[in-house]
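Biologist: Walk me through this one, please, starting with the strands and then the helices.

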Amino acid sequence: MSQDHAEAHTLSPAQTQGDVMYTQDPPAHAEPPAANLEDRRPVKIGRAVLLLAVAAIIVAYSGISGRRHDDEMLKQWTEKQAIPPVAVVAPKRGGETRDLVLPGNVEAFYSASIHSQVVGYVQEWRKDIGANVKQGDVLAVVDTPELDERIAVAQSELAKAKANLELAKVTAARWDSLRHTAAVSQQEADEKDSDARAQAAQVDAAQSNVDRLKAQKAFANIVAPFDGVVTARNVDVGSLVKADGADTPPLFTVADIHQMRIYVPVPENYAAELKDGTKATLEVPEYPDRTFDATVTTTSHAIDRKSRTLLVELLADNKDGLLAPGAFTRVHFRIPPDPNIFTIPASAMLYRDTEPRIATVGPDNRIVLKTVRIVRDLGTSVEIAGGVSQDERIVANPPDSIGDGEEVRVMEAAGQKTRGPSAGRRAGGANEQPKRDQEMAQAGRDHGE
């Protein structure tokens with residue numbers, strides 16, 4: 001190769017055409033010099049390594065802090081689980097109006113069993129069962145031949161006594177006229193006067209006997225003692241009746257049913273709540289679709305020793321005559337709530353040393369055992385009194401081992417489930433995940449730069 005040709009190849013882009021020299025610019029897509037690339041490559045590598053190191057540190061810190069947070073939550077959850085959780089309930093003042101249903105017996109307002117006061121035979125009866133009668137109406141007539149004979153004898157005795165009295169009076173008058181003469185003595189005159197007075201007494205006695213027998217004869221007519229209805233007739237024409245009614249059934253029974261008396265044996269634990277004026281309703285088997293109003297009028301004020309019940313009397317109007325004496329009835333008492341008692345679940349009761357107690361939670365979440373008095377056991381609930389206030393927090397289902405002063409964790413509602421450590425980690429991880437995603441995205445942007 002010639003020297004000129006070699007020089008032509010070694011020339012710079014500035015070339016010579018004729019006598020004129022010009023300079024040619026390099027193309028725009030020409031690569032930078034190799035020296036510049038080699039200088040910038042170590043800088044970018046170092047920056048990438050730095051960014052990766054920062055990202056690794058951030059990821060490691062996030063993992064360590066997340067693990068520390070989970071450990072702390074686990075510790076708190078463990079400590080929290082060491083405190084027993086309890087569900088609390090608030091006592092209900094008084095409770096609701098309750099319906100007390102008890103069996104009762106319906107009786108007439110007045111009821112009379114009529115016996116005979118004379119001995120004889122039933123001549124006729126005029127009123128049958130179910131008949132409405134007025135006071136003084138004749139129910140039956142008794143034929144009394146023996147009593148009639150005794151009346152006749154008594155009248156004879158009365159006539160004899162009157163005759164003796166007349167003779168005694170005449171004799172006494174004669175002796176009194178001879179008293180001032182020597183014909184009779186003063187003693188004999190006084191005796192005649194006394195005999196006259198004795199005969200007068202005999203007349204009075206005979207008259208009383210006649211009146212007594214006639215009064216008995218009046219009982220030969222069996223009459224109604226008051227207005228009412230005949231509920232029983234136990235005689236017929238020709239039946240022998242006796243004056244002693246202890247061993248014989250009554251001839252008639254008359255009942256006044258304009259009002260009815262209802263007698264209810266009330267258990268002793270309800271006796272204090274049934275006061276005079278308490279309203280009630282009656283149900284009888286004859287009228288299943290109808291009820292009758294009744295009112296407590298009085299009580300026996302004594303507890304029966306055998307049944308331990310208090311006899312309560314109610315009155316019910318019976319204008320339509322539907323209630324019958326001797327009927328069975330179901331009495332519904334409406335017992336108003338007592339503002340001095342509280343109602344709590346039966347599961348909240350504790351029985352220690354034969355004393356009923358409840359476990360309450362104080363302001364510092366510590367157990368306070370209180371002794372109470374059970375007023376009434378309603379099965380699923382209990383009415384209590386003594387040492388309980390409206391804002392009390394009572395443990396709904398206390399364990400038998402619960403003690404006074406023990407710290408507890410109050411649940412918001414009965415049946416609430418406590419959170420376990422896995423749930424805590426899930427909740428913590430959900431909060432930390434967006435932060436970690438943001439850090440990773442920022443590290444990626446820096447690496448791209």
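Biologist: Over how many bridges do β4 and β17 pair?

Modeller: This is a predicted model, where local features need pLDDT of at least 70, side-chain atom pairs count only at pLDDT 80 or more, and totals for chains, interfaces and linings use all residues. Residues are numbered from 1 along each chain as its sequence is written, and side-chain values use heavy atoms, without hydrogens or water. Strands here are DSSP runs of E, at least two residues, numbered from the N terminus, and a pair needs at least two bridges found by DSSP. β4 runs antiparallel to β17 (residues 342-345), and the count is 2 bridges.

Biologist: Now the helices: how is α3 oriented relative to α4?

Modeller: Helices are DSSP runs of H or I, at least four residues. The axes of α3 (145-177) and α4 (186-218) come within 8 Å and cross at roughly 160°. Angles over 145 degrees count as roughly antiparallel. That's why α3 sits relative to α4 as roughly antiparallel.

Biologist: How many residues of the contact of α3 with α4 are charged?

Modeller: Asp, Glu, Lys and Arg count as charged. The contact also has 16 nonpolar and 8 polar residues, and the charged ones come to 13.

Conventions. Axes fitted to C-alpha atoms, helices over the stretch in contact; angles between N-to-C directions. Parallel < 35°, antiparallel > 145°, perpendicular 65-115°, else oblique.
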